[in-house]
Amino acid sequence: MPLDPTLLVLCAGFMIIGGMVKGVTGIGLPAFLVGTLSMFIAPREVVGVILLPIMLTNIRQAFIGEPVLTVLWRYRYLAIVACAMIFVTASLAQYVPQSVLLILVGSSVALFGITSLIGTMPRLPDSFDVPGQGITGFLSGLLGGLTAIWGPPIVAYLMARGVEKEEFVQVTGLMFSVSSLWMAVGMFFAQELSWPQLGLSASMVPLAFGGIFIGEWIRARLDRETFFKVVLVAFFLIGLNLIRKGVVG
């Protein structure tokens with residue numbers, strides 16, 4: 001999918017900004033890029049362009065903190081269910097109207113962001129953690145396979161569990177990296193990935209990392225309460241942008 005120079009510059013600029021959002025909050029790169037680049041490129045083509053930046057930045061994020069296998073075991077039910085759902089739904093996404101998906105996802109993201117900002121997130125007790133992971137994995141995989149935006153259910157689950165800032169960032173990175181791998185497999189079987197797409201996607205990786213390093217510098221200076229407020233504001237704005245994209249196309 002060749003792009004003219006103007007579109008390449010736009011892709012580069014949005015990739016850096018999206019990387020900064022992810023660097024600060026640990027999330028938001030797919031949602032931001034789908035919501036912005038879809039103004040210029042077909043949504044399913046956007047997923048192919050952003051696939052490698054999503055995958056590689058999340059892999060790197062997953063290894064910052066505790067041993068990755070320890071974290072993966074702790075959240076194994078979430079990962080297993082999410083991966084299974086993503087593999088199935090990614091191969092079916094081409095048959096679902098993207099405008100409907102964007103409005104639904106944007107509405108849920110914006111509603112979650114604003115209600116969490118003005119209210120108190122209910123805590124999920126330890127005794128309900130396994131079913132909580134299963135439900136989260138199902139919803140995350142369903143959304144992720146269809147839109148490449150799998151963050152809202154995972155963010156809601158982690159906030160309900162009351163995790164600390166650094167664990168939040170590591171777990172989202174781990175879940176998103178595993179999810180993006182299965183997203184790629186599903187798109188491959190659906191014949192939605194091409195070598196030109198992957199080449200363009202690879203060229204965007206350094207820009208995404210550059211934005212992330214800037215965002216991480218900012219995050220290190222935020223306390224836990226401020227950090228989660230930033231996450232929720234980002235979610236609300238991302239949700240509004242996705243709704244806008246679904247309505248106006």
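**Aromatic contacts in the predicted model**

With a relative accessibility of 47%, F213 counts as partly exposed, a class lying between buried (under 20% relative accessible area) and exposed (over 50%), as calculated with a 1.4 Å probe on protein chains only. The model is predicted, so that local features need pLDDT of at least 70 and side-chain atom pairs count only at pLDDT 80 or more, whereas totals for chains, interfaces and linings use all residues. Residues are numbered from 1 along each chain as its sequence is written, and side-chain values use heavy atoms, with hydrogens and water left out.

Six aromatic pairs are present in the structure, a pair being defined by ring centres of Phe, Tyr or Trp (its six-membered ring) within 6.5 Å, with planes under 30 degrees apart termed stacked, over 60 edge-to-face and the rest tilted. Among them is the edge-to-face pair of F14 and F32, whose centres lie 6.1 Å apart and whose planes are at 70°. This pair links distant parts of the chain, since F14 belongs to helix α1 (residues 5-25) and F32, 18 residues away, to helix α2 (residues 29-37); helices are DSSP runs of H or I with at least four residues, numbered from the N terminus. Both partners are buried, F14 at 17% relative accessibility and F32 at 16%.

F209 and F213 form a tilted pair, with 6.2 Å between centres and 40° between planes. Because these two residues are four positions apart in helix α10 (residues 195-219), about one helical turn separates them. F209 is buried at 18%, whereas F213 is partly exposed.

A single aromatic cluster is formed by F168, F227 and F228.
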